[in-house]
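Student: Hi, could you walk me through this one slowly? I'd like to see it before we talk about it.

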Amino acid sequence: MKAGVLALQGDFREHARVLVAAGATPIEVRTSEELAGVDCLVIPGGESTTMATLARAGDLVGPVKERASAGMPILGTCAGMIVLAKRVEGGDPLFGLFDITVRRNAYGRQVDSFEADVDVEGIDHPVRGVFIRAPRVERLGPDVRVLAEHEGHPVVLEQGHLLVASFHPELVGETGLHDYLLRKV
């Protein structure tokens, strides 16, 4: 199975390593042609406004929306959650596919980063995540399912074939969310 990683900021390696451990062949996606060749997509963290600029410049917004509409499973982590959200407080949505409102950098500045284990419905072990300037879900639509919370806030959510997390699981080699994504293919 070919799993794409939307590599807009050179952030391919960590997700690729986790996808290999989960049994997929990772493909770096920077063009619509590369996107057409994958079975699912991971949209990693990074700086969401930079990611939006690069996705627009690379003409990837329409193709990602089209593949999502056709049922391609997508996982967005941290900034990936932000660019998938339909509403972004103080900003403009990019893909607008996931019926949530998010607030960027809600967990504080870089110095406030932390790691935590979260129990995720559908995953048989605690999922370790790294929260770095992480987004917080402020509102969710009726078709969104909360799979995990941290301190009373949703941090892993599912909407059909889409999956988002407020944190980075790949930075600690955590495969649970990537396994969950691959089961959707």
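Tutor: A term to begin with: helices (H or I, at least four residues) and strands (E, at least two) are DSSP runs, numbered from the N terminus. Residues are numbered from 1 along each chain as its sequence is written, and side-chain values use heavy atoms, with hydrogens and water left out. This is a predicted model, in which local features need pLDDT of at least 70 and side-chain atom pairs count only at pLDDT 80 or more, while totals for chains, interfaces and linings use all residues.

Student: What does the side chain of Glu 158 make a polar contact with?

Tutor: Its partner is the side chain of Tyr 180, at 3.0 Å. A polar contact is a pair of N or O atoms within 3.5 Å; within protein, one must be able to donate a hydrogen and the other to accept it, and residues adjacent in sequence count only if both atoms are side-chain atoms. Leaving aside residues up to four places away in sequence, Glu 158 also touches several others, among them Phe 98, Asp 143, Arg 145 and Lys 184, with contact meaning heavy atoms within 4.5 Å.

Student: Switching topic: how many aromatic pairs are there?

Tutor: The structure holds two. Rings of Phe, Tyr and Trp (its six-membered ring) pair if their centres lie within 6.5 Å, and planes under 30 degrees apart count as stacked, over 60 as edge-to-face and the rest as tilted. Phe 114 and Phe 131 are stacked, because their ring centres are 4.6 Å apart and their planes are at 5°. That pair links distant parts of the chain, since Phe 114 is in strand β7 (residues 114–118) and Phe 131 is in strand β8 (residues 127–131), 17 residues apart.

Student: What about Phe 131 and Phe 167?

Tutor: Phe 131 and Phe 167 form a tilted pair, 5.2 Å centre to centre with 45° between the planes. Phe 131 lies in strand β8 and Phe 167 in the loop between β12 (162–165) and α6 (176–182), so this pair ties together parts that are 36 residues apart in sequence. Within it, Phe 131 is buried at 1% relative accessible area and Phe 167 is buried at 0%, whereas Phe 114 is partly exposed at 26%.

Student: How many disulfides turn up in the whole structure?

Tutor: A search finds zero, a disulfide being a pair of cysteine sulfur atoms within 2.5 Å.

Student: Last one: which residues are buried in helix α4?

Tutor: In α4, which spans residues 61–69, the buried ones are Val 61, Pro 63, Val 64 and Ala 68. The buried residues of α4 pack against α2 (32–36), β3 (40–43), α3 (48–57) and β4 (74–77). Just after α4 comes Gly 71, which takes a positive phi of about 100°.

How values were computed. Buried means under 20% relative accessible area, exposed over 50%, partly exposed in between (1.4 Å probe, protein chains only).
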